[in-house]
Amino acid sequence: MPEFRHSNIEREMEVYGYDSFVKSHCRMCHGGCGVIVYVKDGKVAKIAGDPDCPIAHGTLCTKGLASAQLAYHKDRLTYPVKRIGPKASGKWERISWDEALDTIAERILTYKEKYGPESVVFGYGTGRENEAVIYRIANVLGSPNVITAGHFCYGPRICTSIITCGTNPIVDYENFPKCIIMWGNNVTISNPDEYKGEPFSVALDKGAKLIVVDPRLTRPAARANVWLQLRPGTDAALALGMLNVIVNEELYDREFVEKYTHGWDPFVQRVNEYPLERVQEITWVPKEKIREAARLFATTKPAAIQWGVAIEQQTNCADNDRLLMFLMGITGNIDAPGGQVLNRTPNVVNVGQFGAHGMLPKDQFAKRLGGERFRLASRFAILQPKCVWDAILEEKPYPVKMLFLISSNPVITRANAKEVYRALEKVDFMAVADFFLTPTAELADIVLPAATWLEMDYVGDFWKRHGYILPRRKVIQVGECRSDHEMLNDLAHRIGQGQYWWNNFEEALDYILHPMNTTWKDFKKMNYIRGEVKYYKYKEGGFSTPTRKFELYSTTLEKMGYDPLPQHREPSESPVSTPELYKEYPYILITGARQPGFFHTENRQIGRLRELHRDPIVEIHPDAAAKEGIHEGDWVIIESRRGIVRQRVRLSLGRDPRIVAAQHGWWFPEKKDPGHGWHESNINILTDNALESCDPAMGASNIRTLLCRIYPEKKASYEKKE
Amino acid sequence: MSKHAIIIEEFACWGCRACEVACKQEYNSVDADNGIKYLSVWPDGPKLMNGKLDFVWRVNVCKHCDDPPCAQACPVEAITKREDGIVILDYDKCNGCQLCIDECPYHAIRFDEEKKTVTKCNLCHHRVDKGLYPACADNICLAHCIYFGDPAEIEQKILEKRKARGGWGDILPKVITISRG
């Protein structure tokens, strides 16, 4: 009997008779995972994890394993189309790439001429690592408007970390943290930028203590030493309470605080405004538990915080991020082995340079939509999407005439979906690049067939902060699909930007790599390149901030006219901020808990992934369900001030009875009408996008916490209980 | 003869469900929406367990019992236990009577309406016989909680892991010996 070996490539080839295999880099979500793609008769035959990958170590998730089902899906768009009926009529006609790109180019140049380049808005969603090319084409054109998820997803971590400590601090799982706080996140079933579940899991197997901050009882929360079951939207207060304990019990790193922080005294003053009695009242977390967690985190070395997007999709976005960094910082875990490292990326052209932000003229920068209101976001080229919808619908402060959305489905993913839909219905011209005719694409004039990660060459993760770049190698060609990078390189030539682009996109990859004297041809032979690994870099040169210190008191925010110290702000709708509304909408609705297999709106047409989750699910406590006459498996109506949607009930003890938890991202590709059920279960029908409800610095929409009613679908309408 | 067992340490499972999709990939063509899958992960809880609100993931898959009750229940001897421990269902012999389904204490046998036979995990014996790990156990699991190999060695590994965790992991893998009088 032969010896068993994991990921035995030679034997797989022999046993299954594959023709070849390609090592590549998955991008079904945030990248990071090395994969082995086996090929037979020119088609992908099997996908497996690559054990040589320094990030996921050969493990792989549902999405990566199902990638071939995406690439070869029968409904996939494989050639460019133009719409020949009214919007959302579902009437399309095949056209050539030349016709598609020439039409788009002609529109861009016409709007630029008539209304200025700012009237042309580019956009992407969570992205296929296309952010650098999209910013490049917009900046060279002179449009300051690129609409992304950046206001409430990852962008805030980048912006707030740059102003606090220079760069995004990444958990150093390689050196096994001994205490981990998992804050508003479940890395075991989701993949926040830079992170995979495997290293987290291994750290726990090595004996790390675990603290989980989550209103829901997830499996990590069940396994935690301390579970802090907070009231949704009160993360900042909880963090301030923990900092209060650490400061007043003198559990902080004295040397770090004295030598390397800026603003300690005002920070202590602010922290003292949050004694545990007050924090308990705000957060619903017993003060003893807050104290226990703070002590455990501050006295166990090294310690780290596994964070993610949930704390950012809130009114308190920027302060939430900063407060978590303060916890990392004053405990001495920043840039410490096993703590939270400020990684050096390999010496490549970085995403900012590639994005050509320096080429945007100053007077055009000044025209960035919402730039005067959301000043931190604007500094980093990030927009609040409502500002774009307003510019389309009301033409204020100037009209937006064209959208070019690439891998983005804002009708489902952005707050107040009905307003988004109205804006896309009205916009003069819209081009979309995607895999399928999504509900957003159905409103476009032209839709371009985008390539999946299996169909492109790219320098994977070159915009990330985990310190690696990994080659993504093209394996197959599907129909006429083209990568976003190639299509934009082509389009750029057609709008007169040729001198800033390349003859083909391989030359752009060479450009990214040239500071290392490497070409794409050389890089694609490697597994990865890692930046220099070095700890405590701040001890030599300080932090890359205006004061060269770790800024507890932000001089940047102060200059911008914001409170330089973090604070707790109530969500725009809550039992505390809107008690009258709470009487009518008596449940706190939280949204967006991740489901393995889905990536926001993606993958609901992939059989192997949809099978894992047939229906959109709303979780409700059995006591609350009994009160509302709701039973397990019922379809129910969830209603907010902005609308109603239907989801299916799962009874669960895993949250406070006052809280209801609904899923996000739902549409129904199997419904063949052009709406594809975009409004039926789409939780963003219910969410609020008023600018007053957003984070004041980042413009993050508060889509995670609102007030709702919930009642059986069979009841015709909500009967007010007297 | 070396022993081949599959043991899943449910305490460590995060419910990522990659093993389900790996199983699907192994047994179905790329364009098959539905189709064969031999294992399924399901949430047990949140519920009160030993007075505490708890929540674990469970994995239903054939445990290849030492003394498999399904084999005893089968009137046509379609289920047999190999010397290496793998309990094999011979699809050609199965007459679809479904007597085995109720006998399985792990709910790991299902009825395939299309083929009119029962269906269960054969531990990827087509791979194992060629020296390859079963699809679900080939290092895809991010929790590293799916073990394949000699049961005694696996038990040792799990005990070591438990020790390293600081004693965590009271939910030991289910005993795989089922004996009937």
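First, the ground rules. This is a predicted model: local features need pLDDT of at least 70, side-chain atom pairs count only at pLDDT 80 or more, and totals for chains, interfaces and linings use all residues. Residues are numbered from 1 along each chain as its sequence is written, while chains are lettered from A and ligands numbered from 1 in the order in which they are written.

Confidence next. The model scores ipTM 0.96 and pTM 0.96. Chain B has a mean pLDDT of 90, with 92% of its residues at 70 or more. pLDDT is the predictor's confidence in each residue, from 0 to 100. One stretch to flag: over residues 171-181 of chain B, pLDDT stays under 50. The model has 27 contacts beyond four places in sequence for that stretch. A contact here means two C-beta atoms, placed from the backbone, within 7 Å.

Now chain B itself. Chain B holds five helices and eight strands. Both are DSSP runs, numbered from the N terminus: helices are H or I with at least four residues, strands are E with at least two. The order along the sequence is β-α-β-β-α-β-β-α-β-β-α-β-α.

How does its radius of gyration sit against the globule rule? Chain B has 17 Å; a compact globule of 181 residues would be near 16 Å, so the two agree. The radius is taken over C-alpha atoms, and the rule is 2.2 Å times the number of residues to the power 0.38. Those C-alpha atoms fill a box of roughly 50 × 40 × 35 Å along the principal axes.

Of the 181 residues of chain B, 40% count as buried. Buried means 20 or more other C-beta atoms within 10 Å of the residue's own, exposed means 12 or fewer, and partly exposed is in between; C-beta atoms are placed from the backbone. Take the contacts in chain B with a separation of 6 or more: 58% join residues 24 or more positions apart.

On to the interface. 36 residues of chain B are in contact with 45 residues of chain A. On the chain B side, the elements giving two or more residues are α1 (18-27), β2 (40-49), β3 (52-60) and α5 (151-164). α1(B) gives the largest share, six residues. By type, that side has 18 nonpolar, seven polar and eleven charged residues. Nonpolar covers Ala, Val, Leu, Ile, Met, Phe, Trp, Tyr, Cys and Pro; charged covers Asp, Glu, Lys and Arg; the others, Gly among them, are polar.

Over to chain A, and back to α12(A), residues 276-283. Its buried residues are A:Leu276, A:Val279, A:Ile282 and A:Thr283. After α12(A) comes A:Trp284, with a positive phi near 70°.

Contrast α5(A), residues 131-141. Eleven of its eleven residues are buried, so the helix is largely enclosed by the rest of the structure. Its cover includes α4 (97-115), β6 (120-124) and α21 (484-494) of chain A. A:Gly142 follows, with a positive phi near 100°.

Last, A:Val202, in α7(A), residues 197-205. Is A:Val202 buried or partly exposed? It counts as partly exposed, because it has 18 C-beta neighbours inside 10 Å.
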